[in-house]
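Good morning, and thank you for making the time.

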Amino acid sequence: MSETNLRVMTFNLLTSTKKRRSHPWRLRKRNIARIFNEMRPDVVGTQEANYSQLLELAVMLPDYEFVGEGNLGQRPSHCEKNWYCAIFYRRDRVRPLEISGEGETHWLSPTPHVPASQFRLGTRPRMATWNTFEHLASGRRFVFGTTHLEAVNSWHRKRSTRQLRQYVKRKVEEMGPETPVFLTGDFNARCSSPEIRGMEVAEGGLEPMWDAWKEGCRANCHEGDTFRGLGLRDRMGHKLLGPRRIDYVFFRPRMTIKSVTRIDFRSMEHRERALPSDHYPVVADFALALSLIH
């Protein structure tokens, strides 16, 4: 990978409280670390892991550090129900620029600065974690966020995507129109859904954000389905609902994508219990330094 490229990954890590017996975390974490070490992403937006999972991964990934907060806010960090939107970054490739080092967190709710707040009838509090980084090889600054949207209520997702884009608008106004912004996450919505299609629409003063898979692959949407599932129940869901691409790398402004890949688990399929997650990660390489398309 070129020194002036930025490699971005999104990865739902599957909380350790799910599939605890059939796919225990103690086995899965090794293959998650293996993916990090093989792909060597510069910055990774993760979803759903609790704090103890993140700490264990950090020990296995000495080249990386992470920042983020759990969706339950100031609840004890050891609480397994406190799902984090955490950003891992390679210290030798990028550095965080937020003064606190923790970046900025807001909840996807009518009161985004109130920890653990949520829209009515939501399944759980939803949130986004953001940080501003410097790409060391090029000197470029960029904004990076990760989020995990509502699983059931599409109205919540529509409201949430608008809040996310409003945040992006503020950062662009603050840092300038050529500042790259990346938003990764498990959006729990297919690429054909109104909330995902709306991400690419310029309306109400909000800039479009581009889907790296569509921009880089030029492929059929279903060829990049990211929800794999684990176990019999998920396999039945696949037969009923079909393939689902619900994990995304969004970006703005439009820039050159060198490659985009869904990381399959083919080399790990022989150990079903140790498969990393019920989601496939997505990796995209951007030509960050001189790649803006006008």
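Let me begin with Arg-124, whose charged end sits over the ring of Trp-83, 3.8 Å from its centre. By that I mean that NZ of Lys or CZ of Arg is within 6 Å of the ring centre and within 35 degrees of the ring normal.

A word on the source. This is a predicted model, in which local features need pLDDT of at least 70 and side-chain atom pairs count only at pLDDT 80 or more, while totals for chains, interfaces and linings use all residues. Residues are numbered from 1 along each chain as its sequence is written, and side-chain values use heavy atoms, with hydrogens and water left out.

Now to the sheet. Six strands form an open sheet with mixed pairing, in the order S3-S4-S2-S1-S13-S12. Its edges are strand S3 (64–70) and strand S12 (257–262), each of which pairs on one side only. From one strand to the next the twist averages 15°. Strands here are DSSP runs of E, at least two residues long, and helices are runs of H or I, at least four, numbered from the N terminus; two strands pair if DSSP finds at least two bridges between them.

Strand S4 (residues 84–90) runs antiparallel to strand S2 (residues 43–47), and five bridges join the two. Within that pairing, Gln-47 stands opposite Cys-85, and Thr-46 opposite Ala-86. Seven bridges join S4 to S3, again antiparallel. There, Val-67 has Ile-87 as its bridge partner, and Glu-65 stands opposite Tyr-89.

Helix H1 (residues 25–39) touches strand S1 (5–12), S2, S3, S4 and strand S13 (282–287), and its direction makes about 170° with that of S1. Helix H2 (residues 51–60) touches S2, S3 and S4, with its direction at about 10° to that of S4. Contact means heavy atoms within 4.5 Å, and the angles, which run from 0 to 180 degrees, are taken between N-to-C directions of lines fitted to C-alpha atoms, for helices over the stretch in contact.

How buried is S4? Seven of its seven residues are buried, so S4 is largely enclosed by the rest of the structure. Buried means under 20% relative accessible area, exposed over 50%, and partly exposed in between, with a 1.4 Å probe and protein chains only. In a regular strand, side chains alternate between the two faces of the sheet. In S4 both faces are covered, with Tyr-84, Ala-86, Phe-88 and Arg-90 on one side and Cys-85, Ile-87 and Tyr-89 on the other. S3 is mostly covered too, with six of its seven residues buried.

Thr-46, in strand S2, has 0% relative accessibility and so counts as buried. Beyond residues up to four places away in sequence, Thr-46 touches several residues, including Phe-11, Leu-54, Tyr-84 and Phe-88.

Which residues touch the most other members of the largest nonpolar core? Of its 26 residues, they are Phe-11, Phe-36, Leu-54, Leu-57 and Phe-88. Such a core is a set of buried Ala, Val, Leu, Ile, Met, Phe, Trp, Tyr and Cys residues joined through side-chain atoms within 4.5 Å. S1, H1, H2, S3 and S4 each supply at least two of its residues, and H1 gives the most, with five. Apart from this core lies another, of 23 residues, among them Val-43, Tyr-89, Phe-142 and Phe-182.

Finally, the aromatic pairs, of which there are 16. Rings of Phe, Tyr and Trp (its six-membered ring) pair if their centres lie within 6.5 Å; planes under 30 degrees apart count as stacked, over 60 as edge-to-face and the rest as tilted. The rings of Tyr-51 and Phe-66 have centres 6.1 Å apart and planes at 70°, so this pair is edge-to-face. Tyr-51 lies in helix H2 and Phe-66 in strand S3, so the pair ties together parts 15 residues apart in sequence. Tyr-51 is partly exposed, at 26% relative accessibility. Ring pairs also link Phe-36, Tyr-51, Tyr-64, Phe-66, Tyr-84 and Phe-88 into a cluster.
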